[in-house]
Every structure is written in structure tokens, then in C-alpha cells.
Amino acid sequence: MKNIRKPIAISIGLILLVLLPKAGISNYTIHLFIITLLNITCTVGLWLIVETGQLSIGHAAFMCIGAYASTLFVLKLGLPFWPSFFGAGLVSGFIAVCLGIPSLRVKGAYFAILTFGFGEALRLIISALVNPFGGVNGIVGIPNPKGFGSVASYYYFSLVLALLSIYLTKRLHSSHWGLNFRFIGHEDSLAESVGIDIMWHKVIAFMLAAILAGLAGSIFAHYHHYIAPDFFTFYESVSFISFIIVGGTGNVWGPITGAIVLTIVPEVLELKESRPLFYGGLIMAVVMFLQNGIVDIPNLIQRKIRWR
Amino acid sequence: MALLRIENLCKNFGGLRALQDITFSVGSGEVLGIIGPNGAGKSTLFNVISGFEKPTSGEVFLGEQDISGLKPSAIARLGVVRTWQENKLVKDETVKQHVVLSCGISKGFQFLGAVFNTSSYGSSRKAMEEKAHSLLESVDLSSLSTSRAGELTHGQQRLLGIAMGLACEPRILMLDEPFTGMNTQEIRFASRVLTRIMDEVKFTLIMIEHNMRLVMGFCKRIIVLDHGIKIAEGSPAEVSANKDVIQAYLGVSKHAGA
């Protein structure tokens, strides 16, 4: 019985997700879902990096790289969409490897500062170069890929990407890769002493996260038709980290829940400028009262009931 | 022929000369003890051999290959595996996961297999789990395999460390104070376990230990370090009769001979 329950729940969930745009909801709501799905894609990738014990506070930079790479491939090189989309992921992953090999040698705050510096430097370079990046004004008129156009089509595209990235991270997490990542994150010299090449694992995690963010960035650019350096600020990077902290770091559902809740709730409450305040307050509350994140709430309630 | 040769090994930390011109070799199947007072450089020696510290000068040869300067993970994969003086473990991971992690040493990367959960990946994963289980049986921890490592007693954590080392299928296993902090009963149990494993599995053992009775029991040959210098080498009887060794442990009497 228990064996059937899980596939059934997953199928029902998938059917609901597929039917969602047909349920007569507004384009604005679908837009919100697209942003949520792109955030999930970036956040589960970042979570892989966090598993290896590193904290990247410049992750939006890779979304930025993906967005600009894809845009320039289409507009300047005249490539079709699909090669540009996958190219964006490759460019982003390649830059991550080049950045990761020297910088992943340092840990903790030092690595975080390096990623912060990278993110800001990248944004400033793009802002300064009118050719080919369009400077601070960015690039307008990014075309729809062939066959895309409606908001729903982008929703399905983002949905597929998000599901694939969840599948990838979940599989890795339960394989020996995830085990290696966790031991590297918690006790790296122990992992090294039993023959695990920690540098290689960290670079792989960093690269995968960058590829996912790059692909998400590509979708974002084409969906939005317009990109500018200001879309990919430090604030975006910190948002991704907030999703992970608030959702919980224990398994892949934590970052996903965090991304969903923290993207949708502020919109529903129409927070606008007070959004950072909301994030900050929530992070403090979670750190103080819910160390395992909001995914742990059902467990906590269950335990409370059992005590009674 | 010697399996491991240490030649003129020196390690300086700034002005501190932690190891000075250490030379010795270990034959295949041998059990070598390393003793010395606190701060003698024993753990530094292990750190240098296992690649966690780079030697200032000198070489470490495994067979014909110079392994000094290789990465720790590469040295472990060549079969020179060390355990730690402190209990290094991830307290929220299960006992079994710790050993499975170490079994992965011969596994390579298998990225796509892991992502798509192919049957070949599944079977090699299963083989790893079975190997981990039998290793846990050999150190008498199999009943605790699903417990979290942080829940084990100190003595059990020490044994888990040894099981992790064994999971790497070492040619040379280097135990850094395997019996440290154990009570008499735990020591008796652990040394029985270690003796049994040494009968069952063939590997070369280098052991740092302060408990003299255990060192004398396990090792045919002992090296004594003091202030980074090798002051004696020989059988337990020779070493314990050596004047320099007695001086290093008990100090020099000002009224010597009086």
C-alpha cells in the first residue's frame, strides 16, 4: 500500500501542476508561478553548494551570465533558441569551473566574500560595457523562442526545468555523491582521509549549480524580453540563501518550500518595498525557533500530538 | 623489500622543527609502533605521510613511488590510510553511512549512473552496503549500524574510525592512538577486535600509542621520537632498555650517578 501511495501522490501533483494554467487563473498569477519555478531551479542548485559546506552569496551572477549569454547568442550571433539555451548553461558552468578552481580552496566567510565580489564585479562590468551588454540600460527586444509566446508556454518550460533540477539534486543527494558532499561539508579532513577528492566534488557541485542558474537565466531573459544588470543584484543572491535557510537545509524539499513560500507570500501580502524586512524577520524567526526550517513544521506538530 | 620508506623527512613550522631528518622503513605485513612523549612529532609524522602536511624536505616512498606532495585523497587511494587521534565523524549521519562513505574509495565517480539510478549503479551501491555491513560486524558495531554516529560511546566511535580505515582496503593502515581515552574494559575489547582483524585481513600496520603495554603487545618493532628526532628503534625490549628513551620519558636526573 505504502509503495503505491508515493507514485500516486506524485502523479496527482504533476497533473495539478500541468492543469494549473488552464484553471482560469490570471496571467499575473501564472507569471508568479514562473518566477517561483525559476527561483526553485536556482535554489536547489545553490543548496548543492551549501551541502559541500560552502556558501555562495553571488549566485545571481550565474543567472545573469545565463541570461546575457542566451540573449547575445540569439541577438548578436543569430543562433536559434535551443542552442542558445543550452549554450547559456554551458557558458555559466564553464565560468563556474574557472572561478571555482582557485576560489573553492578557501572556506567559510572567505569563499562567501569571493562570490560576493565576483557577483558585484560582473554586474559592474556589464553595466560599464554598452557594447555588447547594453550597459546599465540592458538589452531590450529579446524575442520569443519559436513556438513560445503565451505565458502558459513559459510556465511549462520553467516547470520542466524545475522538475528536472529537483530530480537531479534529489538523485545526487541519495547517491554516494550526496553522502560525499555532506561529509565534505561537515568534516572535510575525514572525507579526505578516506580518499575523497574534496576539491573535485566542490567544483562539480559549484558547476552544476551554475548550469542550473544559467538555464534559469536564459528562460528569464526570453520570457521577460528585457534584461538589465540591475535584475541580478546582491539582493537576489541573498534571496536564494533566504529560501534555503527559511525552507530548511536537511533535504531538497527545504529549499523548494522556501522558494515557494518566500516568492508567493510577499506577493500575496503586497509587501513591495518591505520585502527585505519580511525576509529578515522570517530568517530570524526560523533561526531561533525552527532550526530545521519550515519543512520541519509537520514533524514538530506530529511530535507535539504524540506527547499529549 | 620495504613497502614504505621514509627518507630524511623534515618538517618545520616556522622556527619549530617538528620533524628532523627522520628515516625508517616498514616491511609488508609488519606492525610498527611509534611512541614518544607529547609533542614529539608523532602526529606530525602521520600528517606528512598521509599528505595533510607537505614535508619541508625529504621523501616518502610507497614501493618505488614517491608519494610525498600528493593530495591526501590520492595517497589514501594508493592504500596508505590513516585514522585520527580525535573522533572525527559527522554526528547526524548513521554509523553505516560512515563506512559506506569509506567504501566509495574504489568506486570512482559514476555520475550518470547515480543520476539515472542505473542497475549497475544500484548493484555496486548494494555491494558497498554489504561490505560496510560485514566491516561493522568485524568491529562489533553491526547492531548499531542505523544509529547516528554521535550517539555512540567514545570507545565505539574509536572502533568506527578503525572500520572506516579498513573500508578503504588499506595496504598500510596508520592508527593514531587507537586506544586513547578508553577505559580498561574498552581497551581490552578493542584490542581483541584489532587482533582478530589483523588475523583475518592482511595489511601493514603503523600505530601511535601511549599505552606501553599495548604497544609492546602489538608491535615487533618500535620507533621512539622525541622533539622531532628519532632517538631509538628496535624491539620492545631493546627500546625499553635504551638510555635515551628512559631520559626522554623520565627526564635527566641532575644527580645522575649519585
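I start with a rule for strands: two of them pair if DSSP finds at least two bridges between them. With that in hand I looked up B:Phe61, whose bridge partner in S5(B) is B:Asp66.

**Entry 1: confidence**

I note that this is a predicted model. I read off an ipTM of 0.91 and a pTM of 0.92. For chain B I find a mean pLDDT of 90, with 95% of its residues at 70 or more. I keep one caution in mind: where pLDDT is low, predicted coordinates should not be read in detail.

**Entry 2: the four-strand sheet of chain B**

In what order do the strands of the open four-strand sheet lie? I read S2-S1-S4-S5 in chain B, with antiparallel pairing. The edges are S2 (16-27) and S5 of chain B, and each pairs on one side only. Helix H1 (residues 42-49) of chain B packs on this sheet and touches S1, S2 and S4 of chain B. The direction of H1 makes about 115° with that of S1(B).

Next I checked the pairs. Strand S1 (residues 2-13) and strand S4 (residues 57-62) of chain B run antiparallel and are joined by five bridges. One residue I looked up there is B:Cys10, whose bridge partner in S4(B) is B:Ser57. S4(B) is also joined to strand S5 (residues 65-66) of chain B, by two bridges, again antiparallel. B:Leu62 has B:Gln65 in S5(B) as its bridge partner.

How many residues lie between S4(B) and S5(B) in their hairpin? I find two residues there. B:Gly63 sits in the turn with a positive phi of about 60°.

**Entry 3: the six-strand sheet of chain B**

I then turned to another open sheet of chain B, with six strands in the order S6-S7-S8-S3-S9-S10. Its pairing is mixed. Strand S6 (80-82) and strand S10 (229-234) of chain B are the edges, each pairing on one side only. On average, neighbouring strands here are turned by 20° against each other, direction ignored.

Do S6(B) and S7(B) run parallel or antiparallel? They run parallel, and three bridges join S6(B) to strand S7 (residues 172-176) of chain B. I found B:Val80 opposite B:Ile172 in S7(B). Helix H10 (residues 243-250) of chain B packs on this sheet. H10 touches strand S3 (31-35), strand S9 (221-226) and S10 of chain B, and its direction makes about 125° with that of S10(B).

The axes of H5(B) and H6(B) come within 10 Å and cross at roughly 135°. That angle is why I log H5(B) as oblique to H6(B). The crossing is right-handed. H5(B) brings B:Lys131, B:Leu135 and B:Leu136 to the contact, and H6(B) brings B:Leu160, B:Ala163, B:Leu166 and B:Ala167. By class I get six nonpolar, no polar and one charged.

In the loop between helix H5 (119-138) and helix H6 (154-167) of chain B I stopped at B:Asp140. B:Asp140 is not a glycine, yet has a positive phi of about 60°. Most residues other than glycine have a negative phi.

**Entry 4: H13 of chain A and its partners**

Helix H12 (residues 253-268) of chain A packs against H13(A) at about 130°, with the axes 11 Å apart. H12(A) is therefore oblique to H13(A). H12(A) passes H13(A) in a right-handed crossing. Which residues meet? From H12(A) I list A:Leu262, A:Thr263, A:Val265, A:Pro266 and A:Glu267, and from H13(A) A:Arg275, A:Phe278, A:Tyr279 and A:Leu282. The classes are six nonpolar, one polar and two charged.

Helix H11 (residues 234-247) of chain A packs with H13(A) at about 30°, axes 10 Å apart. This crossing of H11(A) past H13(A) is left-handed. Among the H11(A) residues in contact are A:Tyr235, A:Phe243 and A:Val246, and H13(A) residues include A:Tyr279, A:Ile283 and A:Val287. I count 10 nonpolar, two polar and one charged by class.

**Entry 5: a cis bond in chain A**

I found a cis peptide bond between A:Asn131 and A:Pro132, with omega about 10°. A:Pro132 lies in helix H6 (residues 130-133) of chain A. Most peptide bonds are trans.

Technical notes: Residues numbered from 1 in each chain as written. Chains lettered and ligands numbered in written order. Predicted model: local features only at pLDDT ≥ 70, side-chain atom pairs only at ≥ 80, totals over all residues. Heavy atoms only, no water. Axes fitted to C-alpha atoms, helices over the stretch in contact; angles between N-to-C directions. Parallel < 35°, antiparallel > 145°, perpendicular 65-115°, else oblique. Left-handed = near helix turned anticlockwise from the far one by under 90°. Contact = heavy atoms within 4.5 Å. Nonpolar A, V, L, I, M, F, W, Y, C, P; charged D, E, K, R; others polar. pLDDT = per-residue confidence, 0-100.
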